[in-house]
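Here are some notes for a colleague who is about to look over this model. They follow the structure point by point.

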Amino acid sequence: MFVKIGRCICLSALLSVTFCDDYRVDYSHGLGRRFDGIGGLSGGGATSKLLVNYPKDYRDQILDYLFKPNFAASLQILKVEIGGDSQSTEGTEASHMHNEWDENYQRGYEWWLMTEAKKRNPDILLYGLPWAFPGWLGDGGDNPYTNVTRTAEYVTRWLLGAKKFYNLSIDYIGIWNERPYDISYIKTLRKSLDTHQLSHVKIVGADGGWEIASAIEKDSELAAAVDYIGAHYPGTTTSSEALTTGKQLWSSEDYSTYNDNTGAGCWARILNQNFVNGFMTSTISWNLIASYYSALPYPGCGLMTADNPWTGHYDVSAPIWITAHTTQFTAPGWSYLQHGSGVGKLTHGGSYVSLVSPDHKDLTVIIETMSHDHSLCIRPALPAYNVIAQNVTLQLRGVLAKFQQLNVWYSKLAFGKNETSVLFKKLSPVKVQDGRVTLSVGVDELYTLTSLPGGTKGTYPAPPARKPFPNTYSEDFEGYPLHSEPVDFAQQTGSYEIVSGDHPHGNVLRQAVLQTPTFWCKADAVNKSLNLVGNSKWSDVYMSADIAIGPVNGTTGVFVAARVDQGGCQSWKAKGIFFFLFPSEKKFILTNDLARTMPLKEGEATGAVQGWNSLALLLEGSNAVGRLNKQTLFNITVPSTPAHGFVAIGTDSYGIADFDNVQIKGSGSH
């Protein structure tokens, strides 16, 4: 995979040994594959939920770190979830069509995020992918392909809505995240896109493994429909079948690792080695930004973290600057050089890639020497290997020998107690002598050598310090645009949006999903909606809310809850103290879990009315008090586990319910 055209052993005065190797950088015999860009993924799901809640000044700074060209991460691709009203890792993202008769493009926050990315970088490429689908597309089952024409039309409408309402031209569209693809559906989708003047939208198949490559080889119509093959967490390797197709290969979801220095090492290694080992020309990080409650699954598994909107605190993590080593000195449309002529493994551990601009006037080389234990990704397992310090000599040949010097950017990831990382530091240019450039490269280092004069380590003043969620919280849902989501609420199942309520309630929060979605994970299988808010460390807490069940398509029951111990795909297992009300039956149930398999008390709720009811729950130590319309229904001892957790509202089944005037006092203050 590489060509050595020279080797030396350098002896220092202390007789330590440094190995030296030469690597040819040359495109005289042709270029390698086209470079398609480095990206981040918002969704899969609700990974950017808290970002939109930030005060504008801090939010703009965060967006600059992600998207502003020549500033920080300078991302080249933004991939987003096409919401499907279903839990997809950190929460639920709203569909643009809850029902077949419904179509709305004000829901969710991905439109806003794509618009903000385009403001900063008009050339950023946009990519949409469903994780789940509204239940009506699967006819109440788990297969969105029961009517391929209908599902293709649903996705096509999302693309058309992006253009009509936000002037966003989506560049790529996927099939179904990490779930089975359907050949008939892919062909139908391609025809639907072409019919609606969306021929520019390229299909990525199939956001799972490499299996679709074999089907492409056997089916010329499928081969014509699929433009890119995208795999998830490929471990830097591809399949022979995928290579045989001749299509561009992507790691269309990767990383998914905590954003400390080990996560940065993972990201640095795969950004190079996805091409060195697997010929993949794009790598996309799940996730773009860890902007969800840290008690939910995979905390901090983004390129940076912004999970404290009530203060404005955020963390610019090391992977941001690792990204910059590639993105600030390349662009989609550049070309990799061929393996052995600018791309390959370093003899003593690490890798290097070289890229040239479309006009062949500029060159960028990225060298990484990430050690095994300091570059472990969350998945897959990483085979053992060794890295040692080495001298690397690049031999520029052919047209590339014209360069007299190259600019240098450097990072060093530190892991010792008294060591400090160096992140994206500009060094003095290196001279090119007789076409040769030599670097002394240590372990866990990253170098970019480039003919481009740019590059910036952008910075803003430090944001405010992190603080816990406020102990006193109230929300009346006024002042929000209709169909938007309220700040701080993190829907785990179901889909909640602001609507106009009956007098005197003004705006209210409505759970709008009517049937079980064609879901991505098991959270939705219990047929209940769950919306979390607050501090997962709250133990003693008071919360109240006004709740009304819809007279048409209404849910069977509603609840308020506290000490809710989990969300994400395991939210169906959530435990806590759940106070359910069934107004039509004039009944209440207190349970220790969302699924209602652990009842604590059941009784009459004679004061329940059709329309608005007020529910209140007070937890102090092992005591729980529940009130309906200010009348006490229970005052009992409850289990000590979970000891703490979120506050929540929700419904006993999918169906309409409205919520208003949520009041919370945490940490025992009531």
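Buried means under 20% relative accessible area, exposed over 50%, and partly exposed in between, with a 1.4 Å probe and protein chains only. Helices (H or I, at least four residues) and strands (E, at least two) are DSSP runs numbered from the N terminus. This is a predicted model, in which local features need pLDDT of at least 70 and side-chain atom pairs count only at pLDDT 80 or more, while totals for chains, interfaces and linings use all residues. Residues are numbered from 1 along each chain as its sequence is written, and side-chain values use heavy atoms, with hydrogens and water left out.

1. Helix α8 is largely enclosed by the rest of the structure, because 14 of its 16 residues are buried. A side-chain oxygen of Asp 260 caps its N-terminal end, lying 3.2 Å from the backbone nitrogen of Thr 262.

2. Asp 488, in the loop between β25 (472-475) and β26 (490-493), is buried yet has no salt bridge (a side-chain nitrogen of Lys or Arg within 4 Å of a carboxyl oxygen of Asp or Glu). The nearest side chain of opposite charge, Lys 49, is 7.5 Å away.

3. Two cis peptide bonds deserve a look: one joins His 503 and Pro 504, with omega about 5°, and another joins Thr 641 and Pro 642, with omega about -5°. Pro 504 lies in the loop between β27 (496-500) and β28 (507-511), whereas Pro 642 is found in the loop between β37 (631-637) and β38 (646-651).

4. Asp 139, which is not a glycine, has a positive phi of about 50°, and this residue is exposed, with a relative accessible area of 54%.

Methods. Lys and Arg count as positive and Asp and Glu as negative; His and the chain ends are not counted. A polar contact is a pair of N or O atoms within 3.5 Å; within protein, one must be able to donate a hydrogen and the other to accept it, and residues adjacent in sequence count only if both atoms are side-chain atoms.
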